[in-house]
Amino acid sequence: MTKEEIKKELRQRLRDTYALELEDAGPVELFYSLGGLIKAISNEKWHKTWKNYLTEEQKQVYYFSIEFLPGKLLKSNLLNLGILNEVRTTLADIDVDLEELAEVEKDMALGNGGLGRLASCFMDSIASCGLPGNGNGIRYDYGLFKQQFVDGYQVELPDEWLKRGNVWEIRRESKACDVKLFGNVYMKRLANGKLQPVAENQTTVRAVPYDTGMIGYQNGIVNTMRLWSVEIPISEEAKYQSLDERRTVEDLTAVLYPDDSQESGRLVRLAQEYFFVSAGIQSIIRYYKKLNLPWHSLSEKIAIHINDTHPAMCVPELMRVLVDENGLNWEFAWDITVKVLSYTNHTIMAEALEKWPIYLMKIVVPRIYQIIEEIDRRYVTTLQGIHSQDLIQRTRPLQNDQVYMAHLAIIGSHSTNGVAKIHSDLLKSIVLHDFYVIYPERFNNKTNGIAERRWLQLANEPLANVIDELITDSWRKTPQDLKLLMNYQNDEAALTKIREAKLVKKEELANYILKTTGIEVSSNAIFDVQIKRLHAYKRQLMNLLHILKLYFEIKDNPEMDITPRVFIFGAKAAPSYTYAKSIIKAINEVANMVNTDRSLQDKIKVVFLPNYNVSLAEKIIPAADVSEQISLASKEASGTSNMKLMLNGAVTIATLDGANVEIRDAVGDDNIYIFGLTEKEVYDYYEKQDYSSQKIYDEDENLRRILDAFVDGTIPNIEFEGQEIYDALLKFNDEYFLLRDFHDYVKAQEQINQDYKDSMLWQKKSLANIANAGNFSADDTVKAYAEDIWQIEPIFAHTEK
Ligand code: 26M
């Protein structure tokens with residue numbers, strides 16, 4: 001498209017939709033008009049892609065995820081269509097700043113954190129690798145809550161992301177499905193002697209899909225992310241007399257549940273899970289039937305991926321559709337189901353492993369519960385005599401009046417993977433060891449990855465441009481090419497350019513911090529960043545203990561030699577997770593205490609930026625010098641901010657947890673600061689049960705002073721929260737070993753303080769991190785899924801044949 005064509009199109013759209021001329025349009029009208037234009041451009045490719053998959057009968061994967069977290073799509077769509085620069089300069093010609101338009105778009109925040117963001121990185125990569133793949137999820141009216149701080153406390157506000165409408169989606173009423181919930185089911189014997197389930201008093205809701213094009217990186221491919229929204233079927237309208245009754249249906253897709261174990265027992269959440277699973281499976285089977293192929297070929301055309309256990313009802317739902325609705329016999333249907341499905345585990349945290357009370361399942365999805373009972377019954381009988389009674393009992397889906405969703409997912413699929421080497425190993429050796437004994441061939445690892453397009457090309461243009469100058473722009477298509485940067489390890493001019501690019505982003509962030517919080521920070525300071533959900537196991541509190549240590553040291557010795565540091569936090573706490581909220585309050589109070597104390601001479605500053613989300617991540621990550629990845633070893637399945645931060649030249653301080661282990665292997669010990677207990681040592685403590693945080697407290701004077709600060713009034717305004725934290729660490733014996741790892745953590749931090757002073761030494765470490773971040777490309781991760789698990793092929797490979 002030429003600049004003139006772009007201008008002409010924009011003019012036309014502004015007239016047609018807003019009755020405005022270009023000169024009179026504001027950022028909102030311009031954003032929606034530009035969005036419409038982009039959609040028109042991509043629609044042609046979208047239709048071609050779809051037709052191609054259909055006529056070639058390409059095997060496709062459907063990635064079922066209850067969360068997707070794409071963030072904003074404007075610049076990413078422009079980049080992937082290959083028109084980012086044309087559009088930017090065209091707008092500049094008419095005095096419009098693309099960045100200002102981009103700010104108009106609301107983040108699409110239909111996810112909590114790592115799991116949802118991973119799903120969106122995968123969508124970008126699947127399209128960019130030319131793989132036939134689709135997303136299947138829920139179109140929540142409200143995404144993850146907006147976070148504000150009031151007196152240092154987290155306050156949650158609704159996320160009204162759809163208020164001005166969503167330019168990217170297409171509502172496809174013609175593709176709607178009916179989903180049936182509640183009621184009761186009994187088995188009726190037919191004339192031929194077969195049993196048939198008959199349902200009574202069911203509630204039928206309509207699932208209406210909204211499709212969003214997932215545009216591949218400059219390859220003409222546009223895949224589909226299909227999100228389902230609930231509606232009352234027209235035929236049922238008469239049944240809903242009052243607004244209240246209508247509301248109970250409409251509530252189904254109203255809001256995303258914040259990752260919150262206490263909320264996980266809720267009826268609506270279970271209904272959400274079944275809703276998008278059932279609608280997704282039905283629309284896949286409807287498509288498959290159009291191909292007119294025999295049922296045994298289903299697994300040659302369709303792969304369905306279960307992202308964590310939230311979509312685990314795919315197992316009984318696919319069985320239901322095959323057996324009840326299409327008359328297949330159980331054994332045949334089961335064989336197909338296992339071949340079609342695969343499952344990823346994202347956590348070993350016991351409280352996050354989903355279990356649903358049987359009584360609730362019977363209420364919400366009675367037929368699905370019957371099928372689960374049959375799966376359970378057959379599981380037990382099939383393994384009889386092959387494995388021990390104990391093992392069978394421990395692994396069956398139904399136990400303790402609950403349905404174990406992970407058991408269902410593993411038994412009903414052909415592949416179970418973890419998301420980093422150490423995590424997958426732990427699954428095999430401990431967490432899911434019983435299943436590993438039964439199905440060793442089903443277990444595999446797929447280390448997470450990230451979309452470099454968003455996290456470097458878009459988020460960090462200054463660095464991206466320097467990299468182009470040094471090694472050409474081949475890395476933009478092939479992130480592995482970033483390795484070529486290793487040739488510049490001793491090139492002072494190159495290292496300086498990279499440092500200057502970092503400085504640009506640090507100044508931008510410093511301005512943002514000043515504007516949004518009023519806190520002044522210097523871009524000469526080390527920007528030390530911890531950004532992730534607030535969870536005890538991620539140990540934001542240990543970071544805070546270190547800050548307090550520095551605070552006391554500077555107070556005692558105002559002239560101490562320390563490289564100025566800005567500690568930057570971003571984190572949301574689940575609304576009912578009181579301990580996490582107390583930590584937020586404590587960080588905010590320490591921040592206030594530190595930032596207003598002139599005697600510290602700006603040696604340390606603490607900034608807790610509210611409402612951490614994808615867009616804020618895009619501002620923070622490029623500006624980071626230090627990446628905090630300090631979870632207790634064994635607890636963080638993978639982490640992905642660790643990868644995004646290294647890609648942007650931050651140097652990591654980390655425990656040997658999740659993908660940190662592979663990051664260390666990639667960059668080498670000289671370019672990462674590793675500290676703390678290993679996963680094995682953590683498990684040794686569990687076995688011996690001889691950990692005593694009190695003992696460490698008693699023996700360490702400095703640590704005593706730091707912990708006492710929480711209860712002796714040193715940190716103001718945390719009477720309640722301070723006590724809660726103090727008790728967690730001492731009275732309740734410090735579940736996540738903060739005190740045990742603290743000393744080692746401090747030593748690693750002191751080394752960072754030293755090393756940062758030697759600018760070239762530091763830049764060299766930073767360079768090694770950028771250069772090796774190509775190892776963590778989501779492109780490679782999805783290719784591995786495609787080959788090992790889904791057995792799907794890129795569309796180019798197919799057309800070349
Ligand atoms: C639970 C109950 C009610 C509502 C929501 C939840 C829930 C939602 C998401 C529980 C867990 C959820 O996600 C777990 C998760 O995000 N795991 C993270 O996955 C990332 C991608 O694999 C990893 O990088 C992180 O280490 C892992 O914590």
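Which residue is the bridge partner of Tyr343 in E18? In this predicted model, local features require pLDDT of at least 70 and side-chain atom pairs count only at pLDDT 80 or more, whereas totals for chains, interfaces and linings use all residues. Residues are numbered from 1 along each chain as its sequence is written.

The bridge partner of Tyr343 in E18 is Thr416. Strands (E, at least two residues) and helices (H or I, at least four residues) are DSSP runs numbered from the N terminus, and two strands pair if DSSP finds at least two bridges between them. Strand E14 (residues 341-344) and strand E18 (residues 416-418) run parallel and are joined by two bridges. E14 also pairs in the parallel sense with strand E13 (residues 302-307), over four bridges, and Leu341 of E14 stands opposite Ile304. Both faces of E14 are covered, with Leu341 and Tyr343 buried on one side and Ser342 and Thr344 buried on the other; a residue is buried if 20 or more other C-beta atoms, placed from the backbone, lie within 10 Å of its own.

An open sheet of six strands has the order E22-E21-E20-E23-E24-E25, with parallel pairing. Strands E22 (604-608) and E25 (673-674) stand at the edges with a single partner strand each, so one side of each is left without a neighbour in the sheet. Strand E21 (residues 565-570) runs parallel to E22 and is joined to E22 by five bridges; Ile568 stands opposite Val607 in E22. Helix H22 (residues 578-595) packs on the sheet and touches both E21 and E22, contact being defined by C-beta atoms, placed from the backbone, within 7 Å. The direction of H22 makes about 145° with that of E22, where axes are lines fitted to C-alpha atoms, for helices over the stretch in contact, and angles run from 0 to 180 degrees between N-to-C directions.

How values were computed
Buried ≥ 20, exposed ≤ 12 C-beta atoms within 10 Å, placed from the backbone. Contact = placed C-beta atoms within 7 Å.
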